[in-house]
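Biologist: I would like to learn how to read a structure that is new to me. Could we take the features in turn, with the general idea before the case?

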Amino acid sequence: RGGMFLFSPSKPQHEDALVWQCKFCRVSVGNTHRCSAQVSSEQLRIVWTSGLLERERVFKPCNLLRASKEPDREGVVRVHVLTSPDSNGDSEYKQYDVSGFHKRDGPDSFEAAVNAVAFSNQPLSGRFL
């Protein structure tokens, strides 16, 4: 074996963060990665490794539309995201599937936590639910 392992599991950035060990992928685009999903009052942060590098996606409340359990796929929560506008003013709608939770209540508690953040700073009117 030997060699040097450079990755050390990340700690939540916020003290109030709830953490799930799970898997995630961007729907219809990416590979599935084992990850740590961290939800705080300020963001959803997904951290995973790619080779020896730690990677992350951070979603602020203004970018989270909602999370919903997939009715035909037990244990899968789909996170709906609208990116911040780019220099042309364009936003992109993206979906991420989060699954493989280590605890039985993982999908339910993750969905509830993400929705609490998603709806915390945004009025419901005018949002596509």
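This is a predicted model: local features need pLDDT of at least 70, side-chain atom pairs count only at pLDDT 80 or more; totals for chains, interfaces and linings use all residues.

Biologist: How many helices and strands does the chain have, and in which order do the elements run?

Modeller: Helices (H or I, at least four residues) and strands (E, at least two) are DSSP runs, numbered from the N terminus. Here there are one helix and seven strands. From the N terminus on, the order is β-β-β-β-β-β-β-α.

Biologist: How do strand 3 and strand 4 run, and how many bridges join them?

Modeller: Two strands pair if DSSP finds at least two bridges between them. Strand 3 (residues 44-50) and strand 4 (residues 53-59) run antiparallel and are joined by seven bridges. Thr49 stands opposite Glu54 in strand 4. The hairpin of strand 3 and strand 4 has two residues between the strands, and Gly51 there takes a positive phi near 65°.

Biologist: Which residue has a positive phi although it is not a glycine?

Modeller: That is Ser28, with a phi of about 65°. Ser28 lies in the loop between strand 1 and strand 2. As for its surface, buried means under 20% relative accessible area, exposed over 50%, and partly exposed in between (1.4 Å probe, protein chains only). Ser28 has 78% relative accessibility and counts as exposed.

Biologist: What share of the chain is buried?

Modeller: Of the 129 residues in the chain, 36% are buried. The accessible surface of the chain comes to about 8200 Å², and carbon and sulfur atoms account for 49% of this surface; such areas come from the Shrake-Rupley method with a 1.4 Å probe, and for residues only the protein chains shown count as cover.

Biologist: What tends to happen to nonpolar side chains?

Modeller: In soluble globular proteins, nonpolar side chains tend to be buried together. A nonpolar core is a set of buried Ala, Val, Leu, Ile, Met, Phe, Trp, Tyr and Cys residues joined through side-chain atoms within 4.5 Å. The largest such core in this structure has 23 residues, of which Leu44, Leu64, Val79 and Phe110 touch the most other members. At least two residues of this core come from each of strand 1, strand 2 (33-39), strand 3, strand 5 (64-69), strand 6 (77-82), strand 7 and helix 1. Helix 1 supplies the largest share, five residues.

Biologist: Which residues is Phe110 in contact with, beyond its neighbours within four places in sequence?

Modeller: Contact means heavy atoms within 4.5 Å. With those neighbours left aside, Phe110 is in contact with Trp20, Ala37, Val39, Leu44, Val77, Val79, Val98 and Phe101. Phe110 is buried, with a relative accessible area of 0%. Glu111 is also found in helix 1 and, at 18% relative accessibility, counts as buried. Not counting residues up to four places away in sequence, Glu111 touches Ala67, Ser68, Lys69 and Val77.

Biologist: How many aromatic pairs does a search of the whole structure find?

Modeller: Rings of Phe, Tyr and Trp (its six-membered ring) pair if their centres lie within 6.5 Å; planes under 30 degrees apart count as stacked, over 60 as edge-to-face and the rest as tilted. The search finds five pairs. The rings of Trp20 and Phe110 have centres 5.3 Å apart and planes at 85°, so this pair is edge-to-face. Trp20 lies in strand 1 (residues 18-26) and Phe110 in helix 1 (residues 106-118), so the pair ties together parts 90 residues apart in sequence. Trp20 is buried, at a relative accessible area of 10%. Ring pairs also link Phe24, Trp48, Phe59 and Tyr96 into a cluster.

Methods:
Residues are numbered from 1 along each chain as its sequence is written. Side-chain values use heavy atoms; hydrogens and water are left out.
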